[in-house]
Amino acid sequence: MLSDFLKNNNRIFKLVCGAGNEDAEEVERLSALYSKAGCKFFDVSAYPEIIDAARRGITKSGITKERYICVSVGIKGDPHIDKADINRNLCIKCGSCWDVCLQNAVYASENSYCINNKRCIGCGKCRQVCPAKSISMISKSSNIADILPPLIDKGIDCIEFHAVSNNEYEVQEIWNKINSLYSGVLSICIDRSKLGNEDLLARVRNMLSIREPYTTIIQADGAPMSGGEDDYKTTLQAVAAAEIFQNASLPAYLFLSGGTNSKSSKLAELCGIYVSGVAVGSYARKLVSSYIKREDFWTNDKIFNEALEIAKRLVESVKNP
Ligand code: SF4
Ligand code: SF4
């Protein structure tokens with residue numbers, strides 16, 4: 001069970017396939033690769049077919065023991081469930097969005113560049129570089145009561161709620177609903193982008209007040225959410241948020257996410273932050289993306305094994321910084 005796994009392990013590597021990533025083939029490949037590399041905890045978007053894809057990948061890795069799947073759900077306004085949208089009338093076809101998109105979610109069409117919604121994870125990098133201001137972010141909202149039951153029926157191990165909003169009432173209402181529908185481990189993914197330190201802590205305390213001790217993960221998220229380089233700087237915000245929760249001695253497991261990379265576990269250690277896990281998303285995907293998108297990914301052992309060595313090093317960097 002995930003609760004035992006959390007109790008008995010530190011510095012767990014969690015692969016984040018992307019809360020907004022609906023590309024089943026990519027999720028299957030990532031799950032296969034990282035499961036074989038030693039990852040035991042997988043975070044996927046809240047769609048039954050994506051859970052199936054992750055399971056297929058784990059099965060293909062040949063190791064199914066102690067493999068746990070978490071689905072991520074967000075609140076309207078949470079960037080993790082945003083999708084980029086290009087106004088074709090404004091686009092000047094400079095290609096800058098294509099250059100920066102780590103998800104390969106941008107493609108050129110006849111008259112402008114376009115977004116593949118299934119691949120877009122809402123990181124916003126394309127919008128930042130667009131000289132024509134033709135990209136906006138569209139926030140998707142879903143009714144938790146509608147989307148959770150079919151996911152829970154799939155036998156998931158954890159639900160992660162991205163509690164990034166300044167609407168306290170709405171956050172608590174959705175949290176209560178999740179708690180009423182699901183009795184397993186829950187994760188609160190939260191950052192400092194919309195709340196000051198005191199309000200952040202008050203929100204998490206309030207959310208934990210209806211939970212049994214150590215049945216919840218607090219995932220201290222960085223902002224911006226996607227890491228680029230493999231340096232210490234990208235995780236500073238996540239570590240700063242984690243420090244708030246650690247100092248409060250909350251009865252929950254502490255994870256880091258947001259800009260995480262091979263240095264994150266070490267940075268936490270250097271700062272005296274003791275994490276139960278590090279969730280790595282963009283960086284983990286970027287490291288192996290040239291392998292993942294190859295047609296011979298499943299059939300070319302040399303290619304798979306090269307990617308596997310890269311994935312293993314990243315998993316190991318979290319466990320043994
Ligand atoms: S850069 Fe980020 S927001 Fe833009 S299309 Fe790619 S994944 Fe989506
Ligand atoms: S960056 Fe903006 S102007 Fe350039 S191709 Fe992308 S959408 Fe068009």
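Trainee: Which residues does V100 touch, not counting residues up to four places away in sequence?

Mentor: V100 touches K125, C126 and V129. They count because contact means heavy atoms within 4.5 Å. This is a predicted model, in which local features need pLDDT of at least 70 and side-chain atom pairs count only at pLDDT 80 or more, while totals for chains, interfaces and linings use all residues. Residues are numbered from 1 along each chain as its sequence is written, chains are lettered from A and ligands numbered from 1 in the order in which they are written, and side-chain values use heavy atoms, with hydrogens and water left out.

Trainee: What makes the stretch that holds V100 a helix?

Mentor: V100 lies in helix α4, residues 96-100. Helices are DSSP runs of H or I with at least four residues, strands are runs of E with at least two, and both are numbered from the N terminus.

Trainee: Why is V100 called partly exposed?

Mentor: Its relative accessibility is 25%. Buried means under 20% relative accessible area, exposed over 50%, and partly exposed in between, with a 1.4 Å probe and protein chains only. V100 therefore counts as partly exposed.

Trainee: Why is R203 called buried?

Mentor: R203 has 1% relative accessibility, so it counts as buried. The residue lies in helix α8, residues 197-208. Leaving out residues up to four places away in sequence, R203 touches A163, S165, N166, N167, E168, V171, Q172, I190 and L195.

Trainee: How far is the backbone oxygen of A163 from a polar atom of the R203 side chain?

Mentor: That distance is 2.9 Å. A polar contact is a pair of N or O atoms within 3.5 Å; within protein, one must be able to donate a hydrogen and the other to accept it, and residues adjacent in sequence count only if both atoms are side-chain atoms.

Trainee: Is E160 buried or exposed?

Mentor: At 1% relative accessibility, E160 counts as buried. E160 is found in strand β8, residues 158-162.

Trainee: Which side chains make polar contacts with the side chain of E160?

Mentor: One is the side chain of K14, at 2.7 Å. Another is the side chain of H162, at 3.1 Å. Outside four places in sequence, the residues in contact with E160 include K14, D43, C70, S187 and Q219.

Trainee: Why is D52 called partly exposed?

Mentor: D52 has 28% relative accessibility, so it counts as partly exposed. D52 is found in helix α3, residues 48-61, and its side chain makes a polar contact with the side chain of K154 at 3.0 Å. The C-alpha atoms of D52 and E28 are separated by 8.4 Å, and the two residues are 24 apart along the chain.

Trainee: Where is K40, and what does its side chain contact?

Mentor: K40 sits in the loop between α2 (24-36) and β2 (41-45). Its side chain makes a polar contact with the side chain of E66 at 3.0 Å. With a relative accessible area of 25%, K40 is partly exposed.

Trainee: Why is S249 called exposed?

Mentor: S249 has 62% relative accessibility, so it counts as exposed. Y214, with a relative accessible area of 41%, is partly exposed.

Trainee: Which residues come nearest to ligand 2?

Mentor: Of the 14 residues around ligand 2, these are C91, C94, G95, C97 and C130. A residue is near a molecule or strand if one of its heavy atoms lies within 4 Å of it.

Trainee: How does the shell around ligand 2 divide into nonpolar, polar and charged residues?

Mentor: The shell has ten nonpolar, three polar and one charged. Ala, Val, Leu, Ile, Met, Phe, Trp, Tyr, Cys and Pro count as nonpolar, Asp, Glu, Lys and Arg as charged, and the others, Gly among them, as polar.
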